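The briefing takes the overall fold, the ligand surroundings, the pocket and the cavities in turn.

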Amino acid sequence: MLNLPYLQMDRQLRIKKSNSTTLTEFVLLGFSDFPHLQWILFVVFLFIYFTILICNSVIILVSKTDAALQTPMYFFLSNFSFLEICYVTATIPRMLMDLCTQKGTISLLACATQMFFVLVLGGTECLLLTVMAYDRYVAICNPLQYPLLMNHRVCMQLVAASWISGVPVEIGQTYQIFSLPFCGSLRINHFFCDIPPMLKAACGDTFVNEMAVYMVAVVFVMVPFLLIVVSYGKIISNVLRLSSARGRAKAFSTCSSHLIVVVLFYGTASITYLQPKPDQSEGMGKLLSLFYTIFTPTFNPIIYTLRNKDIQVALKKLLNKLLT
Ligand SMILES: *[C@@H]1O[C@H](CO)[C@@H](O)[C@H](O)[C@H]1NC(C)=O
């Protein structure tokens, strides 16, 4: 049956382990609790991956080339699209390979590398979404000073800070987790190397690690989330005071759709990392991870960018140019 390769691998690993004390490989079990769904999952995730790649590449292309989109907002949105491509590339290709080969063996180094990239890019996503909320806040609540506050240098600095500030923290965190002893279980019941399943697989005291994960989650997930909620709160109250009924309806539809993906992304990430050694089942953990690693990046380009009138106009212009 489909589970057989895992069992064989387990035996091989046990032999390897008794030969040498240093552990070099893990087995990611992925979605092996649903052996009949493997091919459907493969097709679905392949489709999602290509959709994300294509939508985000189009967004980057259009916002770099169209003269009407040379604004801070589209500078952030195109960088955000680039980030989404990187973020899903850290998990989906590896997962597709595992679904295809029905083997989940992953070397210690590959596992650590994957965890590092998922955490750094996830942190960047948290910060960049906050920067984008702040940008909208200044544009709507402080329009006269907007060109001054959001000049090109500030935009570059905000984006660079979002990308860089997680790096040293996540080097430390990944290093700390992979210096734990892994004695018993080499089987990781997850579809990528994430913190909670690794802490579960580790033996020995993980209290210090859990505290570190908790603190990083507060700084990189909770604080940005609160800042976003405050920004949108101010935007909504400002719009309520000033605009027409039609303007209000439009602002509400934009803000509420942004807030839905923000709550899904930060909510599932907070539940996962604020409680790094979870009580909930591994199945629940996988479902939560699917939300912040795959589902929200799928919806983000649609919610944040493709619904905008300006980008739709720019897309039509580009298509016309290509077709004629
Ligand atoms: C986004 O910003 C990062 C960091 O400044 C940069 O390396 C990257 O090339 C940018 N990507 C796009 C598409 O603007």
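Predicted model: local features only at pLDDT ≥ 70, side-chain atom pairs only at ≥ 80, totals over all residues.

Residues are numbered from 1 along each chain as its sequence is written, and side-chain values use heavy atoms, with hydrogens and water left out. The chain has 13 helices and three strands, where helices (H or I, at least four residues) and strands (E, at least two) are DSSP runs numbered from the N terminus. Its radius of gyration, taken over C-alpha atoms, is 22 Å, close to the 20 Å that the globule rule (2.2 Å times the number of residues to the power 0.38) gives for 324 residues, so the chain is as compact as a globular protein of that length.

**Overall dimensions**
- The C-alpha trace of the chain spans about 70 × 50 × 35 Å along its principal axes.

**Ligand surroundings**
- In the side chain of N79, an N or O atom lies 2.4 Å from an oxygen atom of the ligand, and for the side chain of K64 the corresponding distance to a ligand oxygen is 3.5 Å; a polar contact is a pair of N or O atoms within 3.5 Å.
- Taken alone, the ligand exposes 370 Å², of which the protein buries 60%, with accessible areas coming from the Shrake-Rupley method with a 1.4 Å probe.

**Largest pocket**
- A pocket is, on a 1 Å grid over the protein atoms alone, an open set of points with protein on both sides within 12 Å along at least five of seven lines, and its lining residues have an atom within 4 Å of a point.
- The largest pocket has a volume of about 650 Å³, a volume being the space filled by probe spheres set on the points.
- Its lining comprises 24 residues, with M73, R136, K250, T254 and N308 nearest the centre.
- Helix α11 gives the most to this lining, with seven residues, and the elements that each supply at least two include α3 (72–89), α5 (108–141) and α12 (282–306).
- The lining has 12 nonpolar, six polar and six charged residues.

**Cavities**
- A cavity is a set of grid points where a 1.4 Å probe fits but cannot get out, and the count comes to two cavities of 30 Å³ or more.
- The largest cavity holds about 190 Å³ of space, and among its 18 lining residues L119, G122, G123, V221 and Y273 are the closest to its centre.
- The lining of the largest cavity divides into 14 nonpolar, three polar and one charged residue.
- The second largest cavity has a volume of about 80 Å³, and helix α4 (residues 92–101) gives the most to its lining, with three residues.

Definitions and conventions
Nonpolar A, V, L, I, M, F, W, Y, C, P; charged D, E, K, R; others polar. Polar contact = N/O pair within 3.5 Å; in protein donor to acceptor, adjacent residues only side chain to side chain.
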